[in-house]
Amino acid sequence: MSGLFKRKPAPTRAEAVANLLSMLLFYLSKIDAWTLRDAVEGTLILGATGSGKSSGSGRALALTMLKAGFGGLVLTAKADERAVWTEYCREANRHDDLVVFGPADVHRFNFLDHELNRTGTGAGLTENIVNLFSTVLEVAERNSTSGGGREDEGYWKRANRQLCRNVVDLLALATGRITIPDLYRLVVSAPSSREQIRSEEWKAGSFCFHCLGEADKRTKTPRQQSDFEIVADYFMLEYPALSDKTRSVIVSTFTSMVDVLNRGLLRELFCTETNLTPEAVTDGRIILIDLPVKEYAEVGQFAQVLWKYSFQRSIERRNVADKPRPVFMWADEAQHFVTSYDMQFQTTCRAAWVATVLLSQNYSNFVAALGGGEKGRAETDSLLANLNTKILHANGDPVTNEWAAGLIGRTRQFFANGNTTHSGDDRWSAVLGLDWLGHNGSTSAGFSESFEFEVQPREFTRLRTGGPANGWCVDAIVFQNGRVFKQSGRSWLPVTFWQKR
Ligand SMILES: Nc1ncnc2c1ncn2[C@@H]1O[C@H](COP(=O)(O)OP(=O)(O)OP(=O)(O)O)[C@@H](O)[C@H]1O
Ligand SMILES: [Mg+2]
C-alpha cells in the first residue's frame, strides 16, 4: 500500500542542472520551441545590410536571453550599440546588471594581472599570455597590408611566439610580475650582437641584462631552473645571432602590438588596476565593451578581442554545476572580432553554457576576416558549422545564398513537362472544330525528376526586411542541423520577427 504513494526521489543537483537545458526561451513557431540547449549550441544571423538582423531576430534573441537572466559579454562595432543595449536592459528589467567598459567609465581590466592571478606564476602562465598576444596580433596583422598571407608566414609567427615566450618567462622569473611597459623595455634592451654582450656599457644600461641577473639570483624550482637556462641561451646566443633584418621584423611585430597597449586609452583601461573581470558574467553582469570599432578603429578592435579572448578562456574553465547561470557572447558585425581561436572555443563552449550569437552580412565576411583563401574558408566552415541555429535574412549576396541553400540541402523534385511536337492524327480536332490544336502534331506529357535545392538561393532575395513598408515584419529562414521543425516538417522554418515601431 505504501509503495503506491512512494514519492519519486528528489533529483540530484547534477540532474536538476542538466534539466535546465530544456528551459524554453522562445517560440520559433506555435509548436517549435527554442530552448537553452539550442541557445548554447550557438547562433549565426546572416543578412544583407538593412535586412533586419539587428532590429528583428537580433533584438528578439537579446531580449529573450536578458529576460531569462543570462549574464553576457557584448562586443560593439557601431556607435549606437550602447544605447541599443541600454534600452534592451531597461526593457528586460536588467538595467542594474549592465556594466559598461569604456573610456568614460570607471571600469579597468588589467588583463595580465588577471591572467597571473588566475594561473599563478607557474605552469600555463607563459603559454596563456603568448596565446593571448598571438590572438591580438592576428587581428593587428589582418589590418596591416604587409601582414598575413605571406609564404613564410609560419616562420614569422613561430619566431614571434618564441620571442614572446622568452620575454614573458624572463620577466616572470626575474620580477614575478608581467607588465606591458616591462615587456617593452625588455625587448628593446635585448642584445643585438655578441660584442654588445661583452660591453660593460650595455650591461650597465640594459634592462634585459638586469633581468637575467635577477632571475639567476632567485631561488628557483627545478622547472624554473630549466626554463631559465632556455631563456638565457635564447638571449645570449640565439637572439644576437639572428640577422639584423630578421630580428628587426620580429621585434617590430612584437613592439607594434605592445606599443598600442602601452599608451593612451588602452594603457589606462588595460594596464592599470582591475575592478572588472570576465568572471562577472557568471554573477549576471552584462559587460558591454563601449569602444565601437567604427569609432575607435584598431584600438577598439584590440580592446574587444582582448576582452573576448579573456572571457572565452575564463568561461570555458567554469563548472556549470557550481553556478548554473547561462551566459551569452554577443557580436553584431562579428567579422571585426572573429579570430582563429573562435572555432576551437565554439567546439567546447556548449559545456560551459555559453550562447554565442554572431551577426554579420555574409559568408565571405568571415572568410576574409579569417585570412582568406583555403585556410579562411576552412576556418569559416568550421566556425559556422558549430553555430547550430542559423537565422537567414534577406540577402543579395550569391555566395551566401548558395551556401545557405546548400546547407538546407537538396531534395528530389518532380518537374511536370508538356511536349507539343505533334505528329499524326488530327481527325479529332477537326471533328471538334479545334483548329488551334495544331496540325500534324501530338501532345505528350510527363514528369522528370532531379535533385534540386529545397530552398532555392533566390528565395533569400525575397524575404521582407522590416520598416513601415513591410508592416515592421522581418522574415527569416531558420535552419537547425539535425532538427525537423514540427510546423514545417522540414529542417528549415520560415519565421517572422517584429521590429519595435
Ligand atoms: N524600430 C524600427 N522601426 C522601423 N524601422 C526600423 C527600425 N529599426 C530598423 N528599421 C529599419 O529596418 C531595416 C532593418 O534594419 P536593421 O538595422 O535591423 O538591419 P541590419 O540587418 O542590422 O543591417 P546592418 O547590416 O546594416 O546592421 C532598415 O531599413 C532600418 O532602417
Ligand atoms: Mg545591424
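Guide: Strands (E, at least two residues) and helices (H or I, at least four) are DSSP runs, numbered from the N terminus.

The model is a predicted one, in which local features need pLDDT of at least 70 and side-chain atom pairs count only at pLDDT 80 or more, while totals for chains, interfaces and linings use all residues. Residues are numbered from 1 along each chain as its sequence is written, with chains lettered from A and ligands numbered from 1 in the order in which they are written.

In a regular strand the side chains alternate between the two faces of the sheet. In β8, V354, T356, L358 and S360 point one way, while A355, V357 and L359 point the other way, and all are buried.

Next come the partners. Two strands pair if DSSP finds at least two bridges between them. Strand β8 (residues 354-360) runs parallel to β3 (residues 43-46), and four bridges join them. Opposite V357 of β8 stands T43. With β7 the pairing of β8 is also parallel, over five bridges. V357 in β8 is the bridge partner of W330.

These strands belong to an open sheet of nine strands with mixed pairing, in the order β5-β6-β4-β7-β8-β3-β9-β12-β13. β5 and β13 (492-498) stand at the edges with a single partner strand each, so one side of each has no neighbour in the sheet. Ignoring direction, neighbouring strands of this sheet are turned by 20 degrees against each other on average.

Helix α15 (residues 293-315) lies across β8, and also across β4, β6 and β7 (327-331); relative to β4 the helix runs at about 155 degrees. Such angles run from 0 to 180 degrees between N-to-C directions, and the axes are lines fitted to C-alpha atoms, for helices over the stretch in contact. Residues are in contact if their C-beta atoms, placed from the backbone, lie within 7 Å.

The loop between α15 and β7 holds A321. A321 counts as exposed because it has 12 C-beta neighbours inside 10 Å. Leaving aside neighbours within four places in sequence, A321 is in contact with R13, A14 and V17.

Another helix, α4 (residues 81-91), has E81, W85, Y88 and C89 buried. Seen down the axis of α4, these residues fall within an arc of 95 degrees, so they line one face of the helix; the arc is that of the directions from the helix axis to the C-beta atoms. The face turned away from the buried side of α4 carries the exposed residues A83 and R90. The cover over the buried residues of α4 includes β4 (71-75), β5 (98-101) and β6 (286-289), as well as α3 (53-67).

For the protein as a whole, the secondary structure comes to 20 helices and 13 strands, and 39% of the 501 residues count as buried.

How values were computed
A residue is buried if 20 or more other C-beta atoms lie within 10 Å of its own, exposed if 12 or fewer, and partly exposed in between; C-beta atoms are placed from the backbone. Two residues are in contact if their C-beta atoms, placed from the backbone, lie within 7 Å.
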